[in-house]
Amino acid sequence: MYKTHTKREVSLEFQSHFPILRPSIHSRRANITVKFQDLYGFTVEGNVDDVNILNEVREKVRQQGRVWWALEASKGANWYLQPQITSIAEGIALKSSLKLSTLANAITLKRLIRKGIPPVLRPKVWFSLSGAAKKKSTVPESYYNDLTKAVEGKVTPATRQIDHDLPRTFPGHPWLDTPEGHAALRRVLVGYSFRDSDVGYCQGLNYVAALLLLVMKTEEDAFWMLAVLLENVLVNDCYTNNLSGCHVEQRVFKDLLAKQCPRIAAHLEELEFDVSLVATEWFLCLFSKSLPSETTLRVWDVLFFEGAKVLFHVALAIFKMKEEELLLTHHVGDVINILHKTSHHLFDPDELLTVAFDKIGSMTTNNISKQRKKQEPAVMAELDQRLRRLNTLKMDEK
């Protein structure tokens with residue numbers, strides 16, 4: 001299924017076509033669980049309705065691809081990669097001299113991306129719009145190769161944890177769970193652990209980097225996508241040793257849930273349910289362990305263009321979609337089961353993203369940044385207190 005590892009290129013032979021999924025006649029007659037392989041090689045379990053949904057989704061992807069090709073024909077190839085358009089996406093103030101056509105292109109691009117980037121264009125669009133191409137251009141061309149050669153054979157706590165996690169990263173995948181796949185993933189993760197010693201390696205990054213490898217055409221591009229994700233797209237300190245950034249995100253999410261879904265938040269508080277029980281994995285793995293791969297990548301399409309606020313939209317949408325069921329729960333375990341089952345069977349990205357952007361109130365990056373600053377002191381105080389307790393215990397043990 002995958003090409004031989006040449007010049008560290010990671011290619012998907014099935015990326016340009018979409019096979020129609022056909023369950024057996026016995027599966028169609030009896031509503032039993034069937035297994036099938038999705039576009040990126042993951043084995044998925046679902047019923048016949050899930051198969052039908054995936055076929056509908058793939059037809060929508062074909063139609064969306066035709067829209068992108070038509071726009072390329074009318075606006076010119078790579079029209080969406082113009083610097084002015086990406087500047088607008090990054091929130092830079094509009095100048096009075098800015099052409100209306102450029103603004104119109106930016107608005108068109110935002111709508112297009114929310115409807116999904118065609119898989120064949122995804123590597124190029126992500127690499128440019130996310131800022132990865134710009135970041136790569138600031139260093140010598142041989143940077144990645146030099147880095148991987150320089151760190152080869154070195155052993156650190158990060159490399160030991162990476163080696164431990166490699167076989168546990170999407171086990172059973174036809175390429176990732178092979179010596180070749182493990183080697184490529186290891187080079188990306190180890191390389192980045194030396195690039196940013198503050199982050200080093202954090203569990204969760206293995207799933208993110210693995211999915212980047214499946215999407216991007218080269219190992220090096222996957223590395224730079226990981227770099228721009230951690231250094232520019234996501235909040236600082238999300239993956240550092242104390243996960244302070246992640247703790248801040250969880251507090252912000254809890255506040256947003258109370259504001260956007262007050263009935264759910266009040267009910268969960270009665271159950272003494274901590275949303276971080278499910279949301280921590282969502283935010284650390286960027287939904288790559290929770291949502292079907294094609295749905296995850298649709299979320300990432302928007303993430304790389306609009307920023308980390310997208311994660312809050314999507315997390316809130318999952319709760320919102322199951323509001324009535326959640327309100328009937330009486331135990332924490334029931335809440336976890338509903339959210340787990342819901343996320344793993346969200347095969348229709350449009351269903352999720354429609355709720356995320358149309359039924360969840362507006363959230364700007366600026367407002368979320370203010371919420372983060374508000375929560376930071378409490379998080380740091382809590383982490384400091386935890387560290388003091390650990391140090392006291394160590395002293396007592398001596």
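**Salt bridges and a surface patch**

Student: What relative accessible area does Arg251 have?
Tutor: Arg251 has a relative accessible area of 29% and is therefore partly exposed, a class lying between buried (under 20%) and exposed (over 50%), with a 1.4 Å probe and protein chains only. This is a predicted model, in which local features need pLDDT of at least 70 and side-chain atom pairs count only at pLDDT 80 or more, while totals for chains, interfaces and linings use all residues. Residues are numbered from 1 along each chain as its sequence is written, and side-chain values use heavy atoms, leaving out hydrogens and water.

Student: Which side chain does Arg251 meet in a salt bridge?
Tutor: Its partner is Glu382, at 2.9 Å from N to O, where a salt bridge is a side-chain nitrogen of Lys or Arg within 4 Å of a carboxyl oxygen of Asp or Glu.

Student: And why does that pair tie together parts apart in sequence?
Tutor: Because Arg251 lies in helix α12 (residues 244-260) and Glu382 in helix α20, the pair ties together parts that are 131 residues apart in sequence; helices here are DSSP runs of H or I with at least four residues, numbered from the N terminus.

Student: How many salt bridges are there in the whole structure?
Tutor: A search of the whole structure gives 25, and Lys60, Arg298, Asp348 and Asp350 are linked in a network of them.

Student: New topic: which residues make the nonpolar surface patch of about 280 Å²?
Tutor: That patch is made by Leu387, Leu390 and Leu393, with membership requiring over 30% relative accessible area and no salt bridge, and nonpolar side chains (Val, Leu, Ile, Met, Phe, Trp, Tyr) being joined within 5 Å, like charges within 9 Å. Leu387 belongs to helix α20 (residues 365-397) and is partly exposed at 46%.

Note on methods: Accessible areas come from the Shrake-Rupley method with a 1.4 Å probe; for residues, only the protein chains shown count as cover. Helices (H or I, at least four residues) and strands (E, at least two) are DSSP runs, numbered from the N terminus.
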